[in-house]
Amino acid sequence: MLKRLLKTPTANTFSAGEHTLPIVKTARKKSIALKHTAEGVELHVPRHLSERALHKLLQHHSQWIARKVNTLQSRPLGGFKAQPGQTVLFHGEAYGLQFSEHALADRGELNQPTKSRRRRPSTLPCRLQDGCFWVGGLSEGMQPESETVQAKIKLSIQQWFIEQSHAYIEPQLEIYARQIGVQAKSVTVKTYKSRWGSCYPDGRIQFNWKLMQAPSWVVDYVIVHELCHLVHANHSPDFWQLVERHYPQTPQAKRWIKQHGGQLIQFLS
C-alpha cells in the first residue's frame, strides 16, 4: 500500500501519500533527511546524485519517509521565545528564564565565563542564580517582546553557552585525550544544525555549543566519541569498541541523545 502511495519524484518534489515534500539538494554525502520548518517538511538529499539514483534512494527509504513525515507533522513546531518563565536547560537541569535591569554583580558561586575569553560588547550579561537563568542589563526602555531585543537576548544566551562550553569541554578533553593516548590540534565551539561534534584528520575537533544543555555524562560521551575519531576516522566496529572501552556509558548516552537531541537542536531557533 505504501509503495502505491509513494510516487516517482519530480525534479523538485517527492509525494508521500497526501504530502508533497520539496526536495532540497545539499552537501550530504549519502543519506537523506527530513527537516521540519515553519513552511512544512523538507526532504534533504545529496546534491551529487543523478535523478535515477535519487529515485532509487527515495524508493528504498519510502516507508521510513512516510512514517517520519507523519511523526514530524504531529508535533507542534515552536521556536524559542525569550520571555520570563521560558525553560533553559544547562547540564540537564531546567532553569526558568528571568530578566533584570541590573548588571548581575558577581556573587562568586555561579557560572562565570572564563577570564581569558572576553564577552562581546553587544551582548547582555547572563548567569545562573537562585534556580533561574538571568539575563541582565535590560534598561527600562527596552521592550523584551520586540524583535531587536529578542535577537539581542538570544545572542547573549548563545554567547554564554559558548563560554560555558569552552570552560567545561577543554579540561575534559585534555583528561580523555591522555586516557586514550591522542592529542587534538585545536578545539572550536560553533553552531551545528544537525550534529554534536566533528573531528578532522589534521586533529581539529569542533563541538556544538547546544550540547551543553545535556547532562555532563552525555557531553563527556561526545568528547570521547570525537577523540576516538583521531584513531579511527570512521564508525567501524573497532571505533565503537574503542569508544566503549574509554566510556562505558556510551549506550546510555546514545539513547539519551536519540530521545532528547531534537529538542536540544531547536534551542534558540
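Two strands pair if DSSP finds at least two bridges between them. Strands (E, at least two residues) and helices (H or I, at least four) are DSSP runs, numbered from the N terminus. The model is predicted: local features need pLDDT of at least 70, side-chain atom pairs count only at pLDDT 80 or more, and totals for chains, interfaces and linings use all residues. Residues are numbered from 1 along each chain as its sequence is written, and side-chain values use heavy atoms, without hydrogens and water.

The protein contains seven helices and 11 strands. Of its 269 residues, 42% are buried (under 20% relative accessible area, 1.4 Å probe, protein chains only).

Strand S6 (residues 93-99) has two partners described here. Strand S5 (residues 87-90) pairs with S6 in the antiparallel sense, over four bridges. S5 and S6 form a hairpin, with two residues between them. In the turn, His91 has a positive phi of about 50°. Strand S8 (residues 132-135) runs parallel to S6, and four bridges join the two. Gly96 of S6 stands opposite Thr87. In S8, Gly96 has Cys132 as its bridge partner.

Helix H6 (residues 237-246) packs against helix H7 (residues 250-265) at an angle of about 105°, with the axes 9 Å apart. Axes are lines fitted to C-alpha atoms, for helices over the stretch in contact, and angles run from 0 to 180 degrees between N-to-C directions. H6 and H7 are therefore roughly perpendicular (65 to 115 degrees). Trp240, Val243 and Glu244 of H6 meet Thr250, Pro251 and Lys254 of H7 in the contact (heavy atoms within 4.5 Å).

How values were computed:
Angles under 35 degrees count as roughly parallel, over 145 as roughly antiparallel, 65 to 115 as roughly perpendicular and the rest as oblique. Buried means under 20% relative accessible area, exposed over 50%, partly exposed in between (1.4 Å probe, protein chains only).
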